[in-house]
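Hi everyone, thanks for coming. I'd like to walk you through one structure today, so please have a look at it on the screen first.

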Amino acid sequence: MRGFRRLSLAAALLLPPTAAAAPHTPQDPVERGLWMQVDEAERKLQTSDFVIRDKALNDYVRGVLCREVGEEQCGEARIYIMRTPYFNASMAPNGMMQVWSGLLLRMENEAQLAAVLGHEFAHYREQHSLRLFHNIREKTNAAAWLGFVPFGFVAQLGIGMSMFSFSREMERDADAKSIDYLVKGGYDPAAATRVWSRLRDEMDAAAIERKAKSRKDKNGGLLATHPPTAERVDTLKTLAAEHPAAARDLGTDRYRAALAPFWADFFDDQAKLNDFGASEYLLKQLAEGGWTAELLFARGELYRRRAQAGDFGAAAGFYRDAVAAGGTMPQIWRGLGLSLIKNGEADADRKEIHEYLRRAPDAEDRGMMVMLAGEPT
Amino acid sequence: MIRKRIVIAALIAAALPVAPALAGWKLVPAGQPVAVAKSGMTVTPGEDWNRWTARPIKTSEVWTLDGTSLNELYFVAGLAEGKTLFRDIAKKDRPLPKFSKAMLLPDVVEFFESSTRTALQTSLFEIDKVEPDKMSGHDAVRFAFTYAVEGDQLPRKGIAKAAVVNGQLYLVSFVAPSIHYFDRDAAKVNKLLDTVKI
């Protein structure tokens, strides 16, 4: 008995504090205070209208995490899929993981999703946020600490921003571990570098449209904790190359099937954010397997809303292509009718708007459309 | 908690360092026509309101009954081509859409929706109803909407009325929590919207 106790004590001392098999539990009053606040933030999240509760989608995302980190550890994560149209995921020290719909819209395949989930899970397992929390506490005096923690630090949790500001070193660590997770799960480890290089391309596309300098190397805003720098892309590429024998599963078809019921809404959320360059970039990605009626309609909406020279003609073309591709959503004719009016080529009888009203007799904007085009005959 | 109100939120970053010492609230008495946003637009409120002396954008004004988190009336009087509906506080990362005088009334509704979604960074925003109306004899649109903001547990409802006159946008919008406050004040606001003169 004594021997056993001594052994377990020795084992406890030898184990690096971050490699414990069991999930970390708060160790002192300060950590308990933090846990309480994070738990409170999670309690609020559980009743939030922003959480997507669809079982199939939740099971799918959890399945991806479990495949790469193992069944035992993935049980520590409580995943919340949020209807938030930006690129982000996070995991708090208590196991609360958030995955934003804007992230799901941007991934090309299951391996890329696994790369991001693995990265966040690595932050969690290594207790990065907790280490940072203690680090800040040591470096600031009590007054600064009190002012900072309850209101600035943890208050962020509630608004779904990235949990904590990780140091670059912790980022590199999580990146490296995400590659290990990908390999363990049988995913293509090159997926990680592709996530970030594509984000850089998207930021370039947004900047070109805005006639502004690309934000891709800016360390700020939403991506403050995860700057998609060129160095990062290169490092991930090098790390992936260290696993030449790794499986190369991408899971593109599985990913598309899982997201099929959602992408139109997720894309609509993106398209209404006044970011034509990024939206067009993402739409072309979605259309890699061919332009469906839904994608053509989405593109028509994007061009019609941008409303620059030539856009209404282009939009009308996309709406017509959507009809030709078998599209039946009433909004196709609404968009077509409005585009033709704006382009000065609508028929006097505005038959496209009337077709919209025939197809959607209870449309929420019926009254407005009747004012624009008269009662359908 | 944070960014739950469109207008106040749009004001925080840009105006707060200057505004607090100067900004205040002035009574708007019931029953008299009052010019809003230093423009030719007037409204005649049926009850006393409080007017914020700070202006989110140059051509705007904010009124409230009990505080802007419970009821907020936002006037935009004569928004010109190329201007944004709210203050463009994050224009490098999340620039707001710009008004165009070529907008048809249905486009104005989409402009309002896109501006609000971008300013509040939300995906939970629905247009519930869009109907034709008149504003001072001009063709106008009246619409209803519902939205929520992440981190704020209170869903909100809104109504708005807008017209494009001489290439400029005139818009009055009202938002309040869908629990209790919206229903309590909607009739007052609908009446007020009918008194808008340009």
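This is a predicted model: local features need pLDDT of at least 70, side-chain atom pairs count only at pLDDT 80 or more; totals for chains, interfaces and linings use all residues.

Let's begin with chain B. Its secondary structure comes to three helices and 10 strands. If you read the elements from the N terminus on, the order is α-β-β-β-β-β-β-α-β-β-β-β-α. Of the 198 residues in this chain, 46% count as buried. And if you take the contacts in chain B with a separation of 6 or more, 51% of them come from residues 24 or more positions apart.

Now, in what order do the strands of the open sheet in chain B run? There are eight strands, the order is 1-4-5-6-10-9-8-7, and the pairing is antiparallel. At the edges you'll find strand 1, residues 25-28, and strand 7 of chain B, each of which pairs on one side only. From one strand to the next, the twist averages 20 degrees.

Let me take you across that sheet. Strand 4 of chain B, residues 49-52, runs antiparallel to strand 5, residues 60-64, and two bridges join them. Here B:Arg51 has B:Trp63 in strand 5 as its bridge partner.

Strand 9 of chain B deserves a stop of its own. Why can we call strand 9 of chain B largely enclosed by the rest of the structure? Because eight of its 10 residues are buried. On one pairing, seven bridges join strand 9 to strand 8 of chain B, running antiparallel, and there B:Thr146 stands opposite B:Lys157 of strand 9. On the other pairing, strand 9 and strand 10 of chain B are antiparallel over 10 bridges, with B:Lys161 opposite B:Val172 of strand 10. Strands 9 and 10 of chain B form a hairpin with two residues between them. If you zoom in on that turn, B:Asn166 has a positive phi of about 50 degrees.

Next, the place where the chains meet.

On to chain A. The domain assignment gives domain 1 as 29-252 and domain 2 as 261-373. Between these two domains of chain A, 16 residues of domain 1 are in contact with 15 residues of domain 2. On the domain 1 side, helix 5 (101-106) and helix 11 (191-210) of chain A are the elements that give two or more residues. Helix 11 of chain A has the largest share of that side, eight residues. The classes on the domain 1 side are eight nonpolar, two polar and six charged residues.

Helix 5 turns up again with helix 14 of chain A. In helix 14, residues 263-271, the buried residues are A:Phe266, A:Phe267, A:Asp269, A:Gln270 and A:Ala271. They pack against helix 5, helix 15 (276-286) and helix 16 (293-306) of chain A.

Chain A has an open sheet too, with three strands in the order 1-3-2 and mixed pairing. Strand 1 (78-82) and strand 2 (89-91) of chain A each have a single partner strand, so one side of each is left without a neighbour in the sheet. Three bridges join strand 2 to strand 3 (residues 96-100) of chain A, running antiparallel, and A:Ser90 stands opposite A:Gln98 of strand 3. Helix 3 of chain A, residues 55-69, lies across strands 1 and 3 of chain A, at about 125 degrees to strand 1. Helix 6 of chain A, residues 110-125, lies across strands 2 and 3 of chain A, at about 25 degrees to strand 2.

That's my tour, and I'm happy to take questions.

Methods: Residues are numbered from 1 along each chain as its sequence is written. Chains are lettered from A and ligands numbered from 1 in the order in which they are written. Domain bounds come from an automatic or database domain assignment. Two residues are in contact if their C-beta atoms, placed from the backbone, lie within 7 Å. Helices (H or I, at least four residues) and strands (E, at least two) are DSSP runs, numbered from the N terminus. Ala, Val, Leu, Ile, Met, Phe, Trp, Tyr, Cys and Pro count as nonpolar, Asp, Glu, Lys and Arg as charged, and the others, Gly among them, as polar. A residue is buried if 20 or more other C-beta atoms lie within 10 Å of its own, exposed if 12 or fewer, and partly exposed in between; C-beta atoms are placed from the backbone. Two strands pair if DSSP finds at least two bridges between them. Axes are lines fitted to C-alpha atoms, for helices over the stretch in contact, and angles run from 0 to 180 degrees between N-to-C directions.
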